[in-house]
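Please read them with the structure open beside you.

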Amino acid sequence: MKFGFDIDDTLINLRGYAFELYKRKLGVDLGDEVLQSLASVEIHEPFGLTREQGKEMWNSLREDIYFTSCPPFPFAVEVLQELAEQGHEVYYITARAKEYCARTLEWLRQNGFPVRGEHFYCGMEDTEKVHIIERLGLDYYFDDKPAVLNTLSGLQLAVYAKDNPYNKHLEIPRITSWHELREIVRAHEK
Ligand SMILES: [Mg+2]
């Protein structure tokens, strides 16, 4: 089968990692519960930053956020490796900006994700993902972002939300921890 994955906040804890970087950079101590109750993808608000300041902050830290030690979510690497070993096709579809694509591919490999060069799509807009997903004929697709997930309801595939505070309102299947994907695959193959 063909499995497609968004990367940021789907396979890796980018938002949580950026939150910690913001705390250090700004010298502000905020508990994890603040992040967990924040109903936006963006994290500037609890730091008292405007949207514009938040954007500047994000851009100034983007190298660190993307390419230092942002942790994958538990079981993400293991379960994707298992899929690849079982002969399934694993695709990555990320809307990171074009200038970061080559290094993102490299980062995925260095961090143990199974990736074949041609199965990596990067640098599109959120709203363009739907066309790639359709063209690839994926059986499953996983993303965290309402702006992406909301575009996929017309497609013939199984779409899951990676559970995050800002997508709780979506009434679609969701995955909370990546070990759950093993059960989804097993149930499909019965
Ligand atoms: Mg994402």
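1. The protein is divided into two parts, domain 1 (2–12 + 72–189) and domain 2 (14–67). Please keep in mind throughout that this is a predicted model.

2. The centres of domain 1 and domain 2, taken over C-alpha atoms, are separated by 23 Å. Ten residues of domain 1 are in contact with ten residues of domain 2, and on the side of domain 1 that touches domain 2 the residues divide into five nonpolar, four charged and one polar.

3. Six strands form an open sheet with parallel pairing, and their order across the sheet is β3-β2-β1-β4-β5-β6. The edge strands are β3 (120–122) and β6 (174–175), each of which pairs on one side only.

4. Strand β1 (residues 2–5) pairs with strand β4 (residues 140–143) in the parallel sense over three bridges, and phenylalanine 5 stands opposite phenylalanine 142 in β4.

5. On from there, β4 and β5 pair in the parallel sense over four bridges, with aspartate 143 standing opposite alanine 161 in β5. Strand β5 (residues 158–162) is largely enclosed by the rest of the structure, because four of its five residues are buried.

6. The pairing of β5 with β6 is also in the parallel sense and runs over two bridges; here lysine 162 has isoleucine 175, in β6, as its bridge partner.

Methods: Residues are numbered from 1 along each chain as its sequence is written. This is a predicted model: local features need pLDDT of at least 70, side-chain atom pairs count only at pLDDT 80 or more; totals for chains, interfaces and linings use all residues. Two strands pair if DSSP finds at least two bridges between them. A residue is buried if 20 or more other C-beta atoms lie within 10 Å of its own, exposed if 12 or fewer, and partly exposed in between; C-beta atoms are placed from the backbone. Domain bounds come from an automatic or database domain assignment. Two residues are in contact if their C-beta atoms, placed from the backbone, lie within 7 Å. Ala, Val, Leu, Ile, Met, Phe, Trp, Tyr, Cys and Pro count as nonpolar, Asp, Glu, Lys and Arg as charged, and the others, Gly among them, as polar.
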